[in-house]
Amino acid sequence: MCGRPEGATLTTIGLKKRKKGCPIAFRMLHDTKKQEIMLKWLINDTEVVKKALHHSFLINESEILELDRIQTSILEEDVELRLIQPFFSNKGWKFLEKAVKMKRKREIWICPKCNLDIGSKNSILCDSCLLWYHTKCEIKLKSRDKNCNWFCSMCSTK
């Protein structure tokens, strides 16, 4: 028999076990999972996303969401757009680059809880979904160490 008994709190090599269902920071995800998530931020049609991920379809500009509907997470520094370039046609990629550039210029961050602009109010970034929240909107928010991950209530309950 190998491994640890059921209910053990450590892995077989002595590391703390990760809780099942616990969110993972976006930057820690495998590139294939990042690709899937990023495409879902940009494309509304899940079938198009599936086809693109299986390399049987190149995404054109007509499949990309309107600028205001593209999730602001795409602008975060942990997001490497180059990872999804292979899934786009040349025109589609150029369109996406232009859209992201325009979105960066606008820099309007909306809190998903209250749907209001973050502005200069206290806010915090979820390390999983990469969305910004007003600190007052996230009730369970406690003071946190800057080196620790923080997950919003939506990601914590997935």
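Accessible areas here come from the Shrake-Rupley method with a 1.4 Å probe, and for residues only the protein chains shown count as cover. On that basis, the accessible surface of the protein chain comes to about 10,900 Å², with 53% of it belonging to carbon and sulfur atoms.

Before we go on, a word on the model. This is a predicted model, in which local features need pLDDT of at least 70, side-chain atom pairs count only at pLDDT 80 or more, and totals for chains, interfaces and linings use all residues. Residues are numbered from 1 along each chain as its sequence is written, and side-chain values use heavy atoms, with hydrogens and water left out.

**The overall layout**

Helices (H or I, at least four residues) and strands (E, at least two) are DSSP runs, numbered from the N terminus. The protein chain has 4 helices and 2 strands, and along the sequence they follow the pattern α-α-α-β-β-α. A residue is called buried under 20% relative accessible area, exposed over 50%, and partly exposed in between (1.4 Å probe, protein chains only). Of the 158 residues of the protein chain, 35% count as buried. Contact means heavy atoms within 4.5 Å. Among contacts between residues at least 6 apart in sequence, 50% join residues at least 24 apart.

Let us look at α3, which has 17 residues and reaches 25 Å from its first C-alpha to its last. That is close to the expected 24 Å, where the expected span is 1.5 Å times one less than the number of residues. The buried residues of α3 are G92, W93, L96, A99, V100 and K103. Seen down the axis of α3, these buried residues fall within an arc of 125°, so they line one face of the helix; the arc is that of the directions from the helix axis to the C-beta atoms. What covers them includes α1 (31-42). The face turned away from the buried side carries the exposed residues N90, K91, K94, K98, K101 and K105. After α3 comes E107, whose phi is positive, near 40°.

I70 lies in the loop between α2 (46-53) and α3 (90-106). Leaving aside neighbours within four places in sequence, I70 is in contact with W41, L42, I64, L65, A99 and K103. I70 and N44 are 26 residues apart in sequence, yet their C-alpha atoms are 9.5 Å apart in space.

**Loops and cysteines**

Most residues other than glycine have a negative phi. H55, in the loop between α2 and α3, has a positive phi near 55°. L130, in the loop between β1 and β2, has a positive phi of about 60°.

D127 is also found in the loop between β1 (123-125) and β2 (132-134). The side chain of D127 reaches the backbone nitrogen of W150 at 2.6 Å.

A disulfide is a pair of cysteine sulfur atoms within 2.5 Å, and by this rule the count comes to 0. C155 is in no disulfide; the nearest cysteine sulfur, that of C152, is 3.6 Å away.

| Residue | Relative accessible area | Class |
|---|---|---|
| I70 | 3% | buried |
| H55 | 59% | exposed |
| D127 | 11% | buried |
| L130 | 0% | buried |
| C148 | 40% | partly exposed |
| C155 | 5% | buried |

Methods. Polar contact = N/O pair within 3.5 Å; in protein donor to acceptor, adjacent residues only side chain to side chain.
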